[in-house]
Amino acid sequence: MRAGSPRLLREINDRAAIDALLRNGPLTRSELEGIIGLSKPATAQLLTRLEAQDIVRRDGLRGGGRGPRAQLWAVNGGLAHVAAVDLTPDSVDVAVADISGATLTEHHALMPKGSDVLTVFAEAMAKAASDANLQVSDLHHVVVGSPGAVDPATGQLGFAPHLPGWEGFDVVGRLRELLGTSVTVENDVNLVALEEMITGRAVDVRDFVLVWPVDAVGSAVVVNRVLLRGATGGAGEIDWMRVPDLSRQDTGIDRAGTRYGDLLSNSSVTKLARSHGIAARHALGAVTKALSQGTAGREFLTDLARRIAVGVANVVSVVDPELVLLSGEVAQAGGSVLCELVAAELRRLVIPRTPVELALVAGHAVRLGAMHSALAVVRDEVFGLPANDMLPPLHSAR
């Protein structure tokens, strides 16, 4: 055991150095020394050893100050590559990155109606990989964010009738065969919750629920910083809940109960908006208009908050989270006003006084979560760095 100790210590120090470079980007020897706590000679030896193994490379010089410029060191990003995909009924959005987290290319492709979805998906992946001077099979891991949930026992995608062409077969197995590499398919809202834990509002929160209200309704439940997936992968699929319509305006929805996803569909929300005198083609437009239309706008937003809160209340009653986060385009448009209205309605429905806040991560939230998930898998495989929920923010290739 003692004979193996120096080797074990070197491995521990090497992993600490690699982790520091991945988290912070290029560092000088003295900066790395300060982070990992080794002496100057030991850090220099470590860098020499990792450079000889092609794990780290020299990456320019740190300028500034009166003294000589210092050599920068960085992880060799070319050791492995990953792809993150945001799959929707209408499109495939792909990003390719190296193991350092540098985004090499992005590609967006439309999903034509009635098309062979697997062919379109494969073509989009091939184009994204080609733009990064890679073959799809060169990708070490691909994470696909998708509506619905994959049953771990069968690999089949469920809870996603709005994603035609993707049901009835082993999605994960078929994609692995099609792409020639390892693939994970994860619920899109789960990936948004993951990103919120890494760079968003939930960095320091242990138990929370993230809700994507309106249109593609869904949620993610996080307990003790672990995503709750359920026996068939369907935890958080709240759009299938039966709920009453608590809005003051009657728009013809059965007051005895309807599917939560139907209650908050685009057509249902725009109909509710029209009942308040707000005309819009989609829910996003209705919420945007409402914020600038005084009393009528406020009444519509309050009615919408009632509809959102009735579903959230069921989750809060069971999970009792520290925080509820609202995410997605409509939530972002409604901002703090919508969050406050939902929180007020929630207090009328349940005992816990759970705060409701706006998710911080916007833009490509699903894809960002997928990228961090893919990097966690590959960094564990290549460097032995255990997957965790505190990966650093992503960046673009220089």
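The legends below describe close-up views of a predicted model.

**Figure 1. The largest pocket and the residues at its centre.** The space in the largest pocket comes to about 1,200 Å³. Its lining is made up of 46 residues. Those that lie nearest the centre of the pocket are Thr88, Trp212, Asp215, Ala216 and Glu329. By residue class, the lining divides into 18 nonpolar, 18 polar and ten charged residues.

**Figure 2. Helices and strands that line the largest pocket.** Several elements each supply at least two residues of the lining, among them strand 4 (81–87), strand 5 (91–98) and strand 12 (218–223).

Figure 3. As a general principle, strands of a sheet pair through backbone hydrogen bonds, either parallel or antiparallel.

**Figure 4. Helix 6, from its start to its end.** The twelve residues of helix 6 should span 16 Å at 1.5 Å a residue, and the end C-alpha atoms are 17 Å apart, which agrees. At the start of the helix, a side-chain oxygen of Asn187 comes to within 3.0 Å of the backbone nitrogen of Val189. Helix 6 is mostly covered, with eleven of its twelve residues buried. The buried residues include Asp188, Asn190, Glu195 and Glu196. Also among them are Val189, Leu191, Val192, Ala193, Leu194, Met197 and Ile198. In general, an α-helix has 3.6 residues a turn, so residues three or four places apart point the same way.

Figure 5. Strand 11 (residues 208–212) is mostly covered, since four of its five residues are buried. The following two views show the partners of strand 11.

**Figure 6. Strand 11 beside strand 12.** Five bridges connect strand 11 with strand 12, and the two run antiparallel. Val211 stands opposite Ser219 in strand 12. The hairpin of strand 11 and strand 12 has five residues between the strands. In this hairpin, Val214 takes a positive phi near 75°.

**Figure 7. Strand 11 beside strand 16.** Strand 11 is joined to strand 16 (residues 323–326) by four bridges, and here the strands run parallel. Phe208 stands opposite Leu323 in strand 16.

Figure 8. Glu357 and Leu210 are 147 residues apart in sequence, and their C-alpha atoms are 9.6 Å apart in space.

**Figure 9. Ser247 in a loop.** Ser247 is found in the loop between strand 14 (242–243) and strand 15 (258–259). Ser247 has a relative accessible area of 3% and is therefore buried, as the cut-off for buried residues is under 20%. The side chain of Ser247 reaches the backbone oxygen of Gln249 at 3.2 Å.

**Figure 10. Thr105 in strand 6.** The place of Thr105 is in strand 6 (residues 102–110). Its relative accessible area is 10%, so Thr105 is buried. Thr105 and Phe159 are 54 residues apart in sequence, and the distance between them in space is 31 Å, C-alpha to C-alpha.

Technical notes:
Residues are numbered from 1 along each chain as its sequence is written. This is a predicted model: local features need pLDDT of at least 70, side-chain atom pairs count only at pLDDT 80 or more; totals for chains, interfaces and linings use all residues. Side-chain values use heavy atoms; hydrogens and water are left out. On a 1 Å grid over the protein atoms alone, a cavity is a set of points where a 1.4 Å probe fits but cannot get out, and a pocket is an open set with protein on both sides within 12 Å along at least five of seven lines; lining residues have an atom within 4 Å of a point. Grid points are joined across faces, edges and corners, and a volume is the space filled by probe spheres set on the points. Ala, Val, Leu, Ile, Met, Phe, Trp, Tyr, Cys and Pro count as nonpolar, Asp, Glu, Lys and Arg as charged, and the others, Gly among them, as polar. The expected span of a helix is 1.5 Å times one less than its number of residues. Buried means under 20% relative accessible area, exposed over 50%, partly exposed in between (1.4 Å probe, protein chains only). A polar contact is a pair of N or O atoms within 3.5 Å; within protein, one must be able to donate a hydrogen and the other to accept it, and residues adjacent in sequence count only if both atoms are side-chain atoms. Two strands pair if DSSP finds at least two bridges between them.
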